Amino acid sequence: MVLYREPYGAVRSCGAARLRGVELEEFGPVSEPVPYRGRKGIITYWPVATREQTVVCGSLRQWRLAVELDFEPAWAAFSAGPVELVWREGSRVRRWRPDFVARTAGGERQVLALLPPGRESLPGRRLPVLQVVAQAAGWRVRLVREPSGVRVRNLGWLANYRFPEGGEDGRTRALLRAFREPTGLRAGVAVSGLPELPGLDLAYRMLWQRELLFDFAQPLLPDALAWTA
């Protein structure tokens, strides 16, 4: 059995096959996540950059993956914990929510489950149960590692600049000209003629939008090299 909640509706239960074609990536969580003692993280309400949607993340691990999904244009939509799987093991009833249901830009619906640190698979019977549900629902199962390292820190910084501002066309063109060759961010802003702080803010927004590129393996410092896409 699976549970899900339609937008502004009641929680529904159904068999896995009834989920085929259901746009769970557009829905919110089955119920609001509740933090508990020892949990690694806090509840985060993540406004998606390209959609009128707020994703509710129940942990820092989910939040880090949400930032990655929001940044990558390969993902058209995603939601955290919009479905709950319920199954019986002997005399016990088990419940589990996969971390995300997402839809690719090509229209494929995938269910993403974060692997526990140091593990190669999900604990208990979660994976086989998920595979059975996914096959019936027409999903692809993807086991993913928690994003980490320099890339996470860079994306966390750029995410502060993920929403565009109006009236930037002229300034954007100036920065695109300044970064035709790999150039340090502050140096490129200076060449463009823009004031340093507003120019850097715009450069960061352009990095999030992929109008400018840089090496994600390097820390995103004010002098990091950037270039036009």
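Visitor: Is the crossing in which α4 passes α5 left-handed or right-handed?

Guide: This is a predicted model, and in it α4 passes α5 in a right-handed crossing.

Visitor: Which residues make the contact, and how do they divide into nonpolar, polar and charged?

Guide: On α4 they are A174, L175 and A178, and on α5 they are G188, V189, V191 and S192. Of these residues, 5 are nonpolar, 2 are polar and none is charged.

Visitor: Let us turn to charged pairs. How many salt bridges does the structure hold?

Guide: The structure holds 17 salt bridges. In general, side chains of opposite charge can pair when their charged atoms come close.

Visitor: Why is the pair of R205 and E165 called a salt bridge?

Guide: The closest N and O atoms of R205 and E165 are 3.7 Å apart, and the cut-off for a salt bridge is 4 Å. The pair lies within that limit, so the name applies. R205 belongs to helix α6 (residues 196-208), whereas E165 is in the loop between α3 (149-158) and α4, so the bridge ties together parts that are 40 residues apart in sequence.

Visitor: How do you know whether R205 is buried or exposed?

Guide: The relative accessibility of R205 is 9%, and buried means under 20%; R205 therefore counts as buried.

Visitor: What does the salt bridge between E84 and R97 tie together?

Guide: The closest N and O atoms of E84 and R97 are 2.8 Å apart. E84 lies in strand β6 (residues 83-89) and R97 in the loop between β7 (92-96) and β8 (100-104), so parts 13 residues apart in sequence are tied together. E84 is buried at 9% relative accessible area, while R97 is partly exposed at 26%.

Visitor: Which residues do salt bridges with shared partners join into one network?

Guide: That network consists of E25, E26, R51, R103 and R109.

How values were computed: Residues are numbered from 1 along each chain as its sequence is written. This is a predicted model: local features need pLDDT of at least 70, side-chain atom pairs count only at pLDDT 80 or more; totals for chains, interfaces and linings use all residues. Side-chain values use heavy atoms; hydrogens and water are left out. A crossing is left-handed if the near helix is turned anticlockwise from the far one by less than a right angle, and right-handed if clockwise. Helices (H or I, at least four residues) and strands (E, at least two) are DSSP runs, numbered from the N terminus. Contact means heavy atoms within 4.5 Å. Ala, Val, Leu, Ile, Met, Phe, Trp, Tyr, Cys and Pro count as nonpolar, Asp, Glu, Lys and Arg as charged, and the others, Gly among them, as polar. A salt bridge is a side-chain nitrogen of Lys or Arg within 4 Å of a carboxyl oxygen of Asp or Glu. Buried means under 20% relative accessible area, exposed over 50%, partly exposed in between (1.4 Å probe, protein chains only).
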